Amino acid sequence: MRAIAVFPGKPSSIHLAELPMPSVSEIPSGRGVLVKVLKVGVDGTDREINAAEYGAPPEGYDFLVIGHEGFGQVVEVGPNVTEVAPGDYVVATVRRPGSSIYDLIGTNDMTTDDTYYERGINLRHGYLTEYYVDDAEFIVKVPRGLSDVGVLLEPTTVVEKGIAQAYEIQRRLRVWHPKRAAVLGAGTIGLLAALVLRLRGIDVTVFGLTRKPYLNADLLEAIGARYESTSDLSVIAGSRQYGPCDLIFEATGYSPIVFEAMQALGKNGVLVLASVTGGERTVEAPADKINQSFVLGNKVMVGTVNANREYFELGVRDLSQAEAEYPGWLARLLTHPVQGLDHYRELIDTLTTAKGAIKVYCEVA
């Protein structure tokens, strides 16, 4: 069985590997689900793993199968699986349990273990292969009406988790009802964040680098959000123009903008950070002013990464609502398909160099 893999620690080592065909019998207690992979999205994580920035192979292998944004169809289930059946469309979660108390209660995305297990990222093979098998606990059913766009579910879960965390934190205020939000970054995560916030009736301004005309801006305006280029309007100036932000979702991959966002955040606001940034960037910031505004304004900053099953199920709900309210919108995010596992170099090259790409994905089957 073919798979797209890298040799972790070796830059630009993407290659076609061979894996044995999996079986439901590999999963204990009759809880196995065998899935035929249909589509797999790729993102900056896959690019960074191929650049040897992080990632480790599973025990017994010298390579790691990449791809954590999987979408497939159930082929076979074990005798004790009732949640899904052959023919169902599904997405599997990414993080797998460790040993911390958070892992033991099903919130393995909040693990405190130094060693973590993520399919396609660290110590577990991913989904850029022809088939995979997993425990039904980690398999989320996707409605047939989302079969064309189900590959967007995993990135949607990052958004769902961040926004849900904001609401959960602000339960302390008893009556927190955010009216205005800003999203920083107009890539896949930024677009999906704007979508989820608009589905909640929030006024949304998205800030990106590119000036109009711009497909991403058109997509945002189609769901009732506004788009501003930071080449023309800074985040701080935008908060003055459109009103202070109750919620800011940062998804740029550019850490200095976080300090600008901290100054644009309104009282009782939440700043959600979704970017995983490497490098050695430094920035001068008005530290006293920011600190004072956070203390006196009861502001909060929180990070979001990965997601557990709860957020996958929230994502299914919101993607379904989006298809009903904005039919065809999600499909417009799937800009760059690559046909087949054999074209693994084209897949990574498209991810790296394609202009105007929103979601690059592999049509596995």
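How many positive and negative side chains does the chain have, and how far apart do the centres of the two sets lie? There are 34 positive and 45 negative side chains, with 7 Å between the two centres. Lys and Arg count as positive, Asp and Glu as negative, and His and the chain ends are not counted; each charge is placed at NZ of Lys, CZ of Arg, CG of Asp or CD of Glu.

This is a predicted model, in which local features need pLDDT of at least 70 and side-chain atom pairs pLDDT 80 or more, while totals for chains, interfaces and linings use all residues. Residues are numbered from 1 along each chain as its sequence is written, and side-chain values use heavy atoms, without hydrogens and water.

**Fold**
- The chain has ten helices and 19 strands, taken as DSSP runs (helices H or I, at least four residues; strands E, at least two).
- The C-alpha trace spans about 60 × 40 × 40 Å along its principal axes.
- Of the contacts (heavy atoms within 4.5 Å) between residues at least 6 apart in sequence, 70% join residues at least 24 apart.

**Burial**
- Buried residues make up 54% of the 365 residues; buried means under 20% relative accessible area, exposed over 50%, and partly exposed in between (1.4 Å probe, protein chains only).

**Aromatic pairs**
- The structure holds five aromatic pairs, meaning rings of Phe, Tyr and Trp (its six-membered ring) with centres within 6.5 Å; planes under 30 degrees apart are stacked, over 60 edge-to-face, the rest tilted.
- One of them, Tyr127 with Tyr132, is tilted, at 4.7 Å centre to centre and 50 degrees between the planes; both residues are buried.
- Tyr167 and Trp176 pair edge-to-face at 5.3 Å and 70 degrees.
- Tyr167 is partly exposed at 29% relative accessible area, whereas Trp176 is buried at 12%.
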